[in-house]
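Please examine the sequence and the structure shown below. The paragraphs that follow lead through them step by step.

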Amino acid sequence: MKRLARLGFVTAVVAAACSSVWADINVGVVVSTTGPAASLGIPEKNTIALLPTTMGGQKINYIILDDASDTTAAVANTRKLISESKADVIIGSSTTPNSLAMIDVVAESKTPMMTLGASARIISPMDAKKAWVFKTPQNDAMMAGAIVDHMVKAGIKTAAYIGFNDAYGEGWLQEFKKSTEAKGIKLVATEAFSRSDTSVTGQALKIMAAKPDAVLVGGSGTPAALPEKTLKERGFKGKYYQTHGVANADFLRVGGKDVEGTMLPAGPVLVAHQLPDSHPVKKSAVAYVDSYEAKYGKGTAATFGGHVWDAGQVLAAAVPEALKKAQPGTEAFRVALRDALENVRDIAGSHGVFTMTPTDHLGIQHGVVMVKIENGGWKFTP
C-alpha cells in the first residue's frame, strides 16, 4: 500500500493535464523529492515554478511526480505521465539509475526525455533508444577529467576511490580509472557502498591501508558525506575530492567541518556571483540564482535546480520549431520536438552553453569550474 501511495503522490501540479486542452504542451516531471536523493530532487521540483509558462505562444502544463529515489517508481511514474497525462516531453529523473531505467519507456512511446542524471552512459553510446534522451548535467567523464587535472597540479601520485554501488558510482569509477591512467596517477584502492549505508568503516580502513595521496568519493547528495567523515575520524590526512553530485547546502550541513578543504568540479552556477564578468555563463547563471533566491530565500539555490532551469531554456528554444510541424498531444509533435532538441544552438544556461547534435545530446561548453569548500561555503578556485 505504501508503494501505491508513493507512486500516486503528486507533489505539485501546476496545471492538471486532465483540464488542459490539446493545444497545451504537457511536460511530465519525475524527480526524487523523497528518499536518499531528496537533496537533489527538492531544488529540482522548486525550479519548475521558475520555468516559462508559455513557449511558442502555447501554454505549458507541468505535472510533477515524486519517484522517492526508487527506480521502479521512476519507471511507473514515466508510464503514468505518458499514458494518462499525455506528456509531450519528460524531464527527469534526478539520478543516473532512475534515468537509465526510464529510457525504454520513453523510447517505446516516442517521447523525448531531458534527464537530470549525470552519467554519460545515459546518452552514450548513441543508439535508437537513446536518440530520445537529452541531458543538461555535465557528464561524469568531463568532471573526472577536471578532478584528475587538479590532482596532477597538486602533485598527487596515488589515489583511492570509494563510490556508490550503483550506476552512478560505477560510471564514475570507470571514468576516474581512465583519467588517472592517462595522467600517470596510480589508483591504489577502490571501494563501494550503498546510498542507504550507515557505516563504511571497513572500506575506510582498506583505503587507509593503501596510503593514497588523495581520495575521490563517487557519491551524490548527503550520503556522500559518510565516507569522508569516516576517513577524517580515522585520521586520514590526504586530500579529499567529491563529485558535482554533492553541490548543495544539505551536503555542507551534514558534512560540517569534516568536509572543509574538499575540492570538487561543479557547474558555474555554484559560484555564479564569484565568476569573472568575462565568463560566458556568468550572466545566465546569476539570473537563475537570483530568481531562485528571490522566491525561496537567500542561499537556497542549488546546482541541481540549475539542471532543470537549463532544461527549460533548451526546451524553450526547441518548442517553437516543433510547433511549426505538428500540434502538441500527437506523436508527430513529439517526433518534431525530439528533432528540434537535437538542433538547438548556443543556448546559455546556468551550467554552460548548450549546442546539441545527433551524436551529442548534451553539447555543453564552459560547463566546469573547480570549487573548494571553505568556511562552510563554496569558493571558486580558478
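Leaving aside its neighbours within four places in sequence, with which residues is G245 in contact? The residues are L40, Y168, G219, S220, G221 and F304, where contact means heavy atoms within 4.5 Å. G245 lies in the loop between strand 11 and helix 9 (249-255); helices (H or I, at least four residues) and strands (E, at least two) are DSSP runs, numbered from the N terminus. With a relative accessible area of 5%, G245 is buried, a term that means under 20% relative accessible area, with exposed over 50% and partly exposed in between (1.4 Å probe, protein chains only). The C-alpha atoms of G245 and W378 are separated by 14 Å, although the two residues are 133 residues apart along the chain.

This is a predicted model, in which local features need pLDDT of at least 70 and side-chain atom pairs count only at pLDDT 80 or more, while totals for chains, interfaces and linings use all residues. Residues are numbered from 1 along each chain as its sequence is written, and side-chain values use heavy atoms, with hydrogens and water left out.

The view now widens to the chain as a whole. Its secondary structure comes to twelve helices and 17 strands. The radius of gyration of the protein chain is 20 Å, close to the 21 Å that the globule rule gives for 382 residues, so the chain is as compact as a globular protein of that length; this radius is taken over C-alpha atoms, and the rule is 2.2 Å times the number of residues to the power 0.38. Along its principal axes the C-alpha trace spans about 60 × 55 × 40 Å. Of the 382 residues, 58% count as buried. Among contacts in the protein chain with a separation of 6 or more, 69% come from residues 24 or more positions apart.

Several strands pair, which requires that DSSP finds at least two bridges between them. Strand 2 (residues 25-31) and strand 5 (residues 89-92) run parallel over four bridges, and V30 has G92 of strand 5 as its bridge partner. Strand 5 is also joined by two bridges to strand 6 (residues 113-115), again in the parallel sense, with I90 opposite M113. Together with helix 4 (residues 96-109), strands 5 and 6 make a right-handed β-α-β unit: with the strands pointing away from the viewer, the path from the first strand over the helix to the second runs clockwise.

The buried residues of helix 5 are D140, M143, A144, A146, I147, V148 and M151. They pack against elements including strand 8 (158-164), helix 6 (167-183), strand 12 (263-266) and strand 16 (369-374). After helix 5 comes G155, whose phi is positive, near 80°.
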